[in-house]
Amino acid sequence: MFSDMGVPTKETPFEVAEASDVVITMLPSSSHVSIMIQFADLKHTYVHTRFFSVLAGLDGYSSKNIAPLLVLDVYNGPNGLLQGGNSVRPQLLIDSSTIDPQTSRNISAAVSNCILKEKKDSWENPVMLDAPVSGGVLAAEAGTLTFMVGGSEDAYQAAKPLFLSMGKNTIYCGGAGNGAAAKICNNLTMAVSMLGVSEALTLGQSLGISASTLTKILNSSSARCWSSDSYNPVPGVMEGVPASRNYGGGFASKLMAKDLNLALASAKEVGVDCPLTSQAQDIYAKLCENGHDSKDFSCVFQHYYGGKDEV
């Protein structure tokens, strides 16, 4: 696709690393093509580079841990970004995948143990930032993404103009892995709130209140939230959201199920009980099993709760 547009491409992550000063990876799932963006410096975008999907043969494969494995493979696997051993060219590696915090911390440690082939400015060693995004497809298209960034604060400040060239907001979350932690906490909140709004709107319909009327009440009272006022799940209530186009586009239910798995795994690691996250994961797993895995996660209103379109 990119080569047809006259954009130079590379065959492997290692080849991209050898030609780049800054590399960004984003690997949401096995069914997505791995995208890397190559920069010559921190101020100007020069080349967009597409390489093969690391697990291209597993399109649609359902796994709780597939995204972390993809990221590990891209960084540490054969022909990976760090294949050159202890000496690498990129001074900054940014991973915007949604993965568990521990995997981010492990990769960050591997990157920091390398040395630069050529020292640049005050940089003696390469640095990694974990910088997942929030906002979904709509924000990506509008350039209004929010980046949640973990890692060295000096590296964050150096990369901030780059983040702001791709999104609207950037928030420093602390040390390595904290960006990944913020993302899974954000997404579990998003899942639970969507379930709450969908459940309330379905109950309201059954009790004789129209979804548009109840939405007005929610949005002018203490129940107001993003799922009610900006991403309403009821077809016919709001324009420009996935519910208005048969739940096409947006954030796929299979990605939400994957992120909830990551949240549960992380909670287990630190001994925190998350019953709402567990229930949400069960619901989205059932949605995927019933063939709605590619539909936006707001389809839970119709395909799990049985809610009706607004007439």
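**Figure 1. Ala19 and its loop.** In this predicted model, Ala19 sits in the loop between helix 1 (13–18) and strand 1. Helices (H or I, at least four residues) and strands (E, at least two) are DSSP runs, numbered from the N terminus. Ala19 has a relative accessible area of 25% and is partly exposed. Buried means under 20% relative accessible area, exposed over 50%, and partly exposed in between (1.4 Å probe, protein chains only). Ala19 and Arg89 are separated by 70 residues in sequence, and their C-alpha atoms are 7.6 Å apart in space. Residues are numbered from 1 along each chain as its sequence is written, and side-chain values use heavy atoms, with hydrogens and water left out. Because the model is predicted, local features need pLDDT of at least 70 and side-chain atom pairs count only at pLDDT 80 or more, while totals for chains, interfaces and linings use all residues.

**Figure 2. The whole chain and its confidence.** The protein has 11 helices and 10 strands. Of its 311 residues, 46% are buried. Contact means heavy atoms within 4.5 Å. Among contacts between residues at least 6 apart in sequence, 62% join residues at least 24 apart. The mean pLDDT, the predictor's confidence in each residue from 0 to 100, is 83, and 84% of the residues reach 70 or more. Over residues 29–65 pLDDT stays under 50, and the model has 92 contacts beyond four places in sequence for this stretch.

**Figure 3. Strand 1 beside strand 5.** Four of the five residues of strand 1 (residues 22–26) are buried, which leaves the strand mostly covered. Strand 1 and strand 5 (residues 92–95) run parallel and are joined by four bridges. Two strands pair if DSSP finds at least two bridges between them. Thr25 has Asp95 of strand 5 as its bridge partner.

**Figure 4. Strand 9 between two partners.** Strand 9 is largely enclosed by the rest of the structure, because six of its six residues are buried. In a regular strand the side chains alternate between the two faces of the sheet. Leu145, Phe147 and Val149 are buried on one side of strand 9, and Thr146, Met148 and Gly150 are buried on the other. Strand 8 (residues 133–134) runs antiparallel to strand 9 and is joined to it by two bridges; here Ser134 stands opposite Thr146. Strand 10 (residues 167–174) pairs with strand 9 in the parallel sense over six bridges, and Gly174 of strand 10 is the bridge partner of Gly150.

**Figure 5. Aromatic pairs.** The whole structure holds seven aromatic pairs. Rings of Phe, Tyr and Trp (its six-membered ring) pair if their centres lie within 6.5 Å; planes under 30 degrees apart count as stacked, over 60 as edge-to-face and the rest as tilted. Phe147 and Phe163 form a tilted pair, because their ring centres are 4.9 Å apart and their planes stand at 35°. This pair links distant parts of the chain, with Phe147 in strand 9 (residues 145–150) and Phe163 in helix 5 (residues 153–166), 16 residues apart. Phe147 is buried at 3% relative accessibility, and Phe163 is buried at 0%. The pair of Tyr304 and Tyr305 is edge-to-face, with 5.1 Å from centre to centre and 90° between the planes. Tyr304 is partly exposed, with a relative accessible area of 35%.

**Figure 6. The buried side of helix 7.** Ala211, Leu214, Thr215 and Leu218 are the buried residues of helix 7 (residues 211–219). They lie on the same side of helix 7, because they cover an arc of only 105° around the axis. The arc is that of the directions from the helix axis to the C-beta atoms. Helix 6 (178–206) and helix 8 (226–229) are among what covers these buried residues.

**Figure 7. Two nonpolar cores.** A nonpolar core is a set of buried Ala, Val, Leu, Ile, Met, Phe, Trp, Tyr and Cys residues joined through side-chain atoms within 4.5 Å. The largest has 33 residues, and those with the most contacts inside it are Leu201, Met256, Leu260, Tyr284, Phe297 and Val300. At least two residues of this core come from each of helix 6, helix 7, helix 9 (253–270), helix 10 (275–292) and helix 11 (300–303). Helix 6 gives the most, with eight residues. Another core, of 18 residues, lies apart from it and includes Val22, Trp123, Leu129 and Tyr156.
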